[in-house]
Amino acid sequence: MPHHKTALRLAAPVAVLALALTACGGGDDGDADAKGKGSSSPEASASPSEAASGGDLATGESATGKVAEDPGEVTYEIVAQKVDVGTEAEAAKAVADAADAKGKVLATAHVKYTHKSGPSLTDGSSVHDGTTVFADGQRGGVLIGASEDAPGCEDPYDVDSWKQGESHVFCETYVIPAGATSVEVHWEEEDGEPYVWKFPQK
């Protein structure tokens, strides 16, 4: 899986949110950022169990994956903690053109990454590049902007030092259809099969 979210993130004006025109079911990977608002689905447990390979995971169950970092390969434990789903009004305010958000809402996934083994990082990480958000089986539209200031979210580009045993929570925001019955958080290694956490919606 190509890792090119970083380039998209750096190209986006920090103060302006823009909807990447991917629509549901397609488009380029991109960083997901917006202020997490609205109702949220159940949170993961504090001590997750571990999945053996790509596939569907239970709430609180973690995945283990390897990421080629600078200066070397790092093994991470990954768990999607929750997804905050907002309102159509919030989505309209977040995108550059409100028409792009008609019938859509923002879904902000909170994903915890723990450095399990490998070299300490001193210049950021690419682990969050493997995360995407789906709704009812279709990929959402990437929202590029600034969600790191949402409660409980960190800016991955501010994490310059990351040692074994340390954890960080990064958030990914996508635009999904209003009324979706299930929101999924996917994470995958490069050229790997995705791990999938499902968050049923009311």
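1. Trp187 and Tyr195 are both buried, where buried denotes under 20% relative accessible area, exposed over 50%, and partly exposed in between, with a 1.4 Å probe and protein chains only. Their ring centres lie 6.5 Å apart with the planes at 25 degrees, so the pair is stacked. Rings of Phe, Tyr and Trp (its six-membered ring) pair if their centres lie within 6.5 Å; planes under 30 degrees apart are classed as stacked, over 60 as edge-to-face, and the rest as tilted.

2. On provenance, this is a predicted model, in which local features need pLDDT of at least 70 and side-chain atom pairs count only at pLDDT 80 or more, while totals for chains, interfaces and linings use all residues. Residues are numbered from 1 along each chain as its sequence is written, and side-chain values use heavy atoms, with hydrogens and water left out.

3. The protein contains two helices and 12 strands, taken as DSSP runs numbered from the N terminus (helices: H or I, at least four residues; strands: E, at least two). Read from the N terminus, the order of elements is α-β-β-β-β-β-α-β-β-β-β-β-β-β.

4. Of the 202 residues, 50% count as buried. The protein exposes about 9000 Å², of which carbon and sulfur atoms supply 50%; accessible areas come from the Shrake-Rupley method with a 1.4 Å probe, and for residues only the protein chains shown count as cover. Among contacts with a separation of 6 or more, 75% involve residues 24 or more positions apart, a contact being heavy atoms within 4.5 Å.

5. An open sheet of five strands has the order 3-12-11-7-8 with mixed pairing; two strands pair if DSSP finds at least two bridges between them. Its edges are strand 3 (55-57) and strand 8 (138-139), each of which pairs on one side only.

6. The individual pairings within this sheet can be set out as follows. Strand 3 and strand 12 (residues 195-200) are parallel and share three bridges, with Asp56 partnered by Val196 of strand 12. Strands 11 and 12 run antiparallel and are joined by six bridges; here Glu184 has Lys198 in strand 12 as its bridge partner. Strand 7 (residues 131-135) and strand 11 (residues 182-187) are also antiparallel, with five bridges. Thr131 stands opposite Trp187 in strand 11, and Trp187 is the residue whose ring is stacked with that of Tyr195.

7. How many aromatic pairs does a search of the whole structure find? The search gives four. One of them, Tyr113 with Phe170, is tilted, at 5.5 Å centre to centre and 35 degrees between the planes. Tyr113 belongs to strand 6 (residues 104-117) and Phe170 to strand 10 (residues 167-177), so this pair ties together parts that are 57 residues apart in sequence. Both residues are buried. Tyr113 and Phe170 also belong to one aromatic cluster with Tyr76 and Trp162.

8. The whole-structure search finds one disulfide, defined as a pair of cysteine sulfur atoms within 2.5 Å. It joins Cys153 to Cys171 with an S to S distance of 1.9 Å. The link of Cys153 and Cys171 is left-handed, with -80 degrees about the S-S bond. Cys153 lies in the loop between strand 9 (141-144) and strand 10, and Cys171 in strand 10; the pair links distant parts of the chain, 18 residues apart. Cys153 and Cys171 are both buried.
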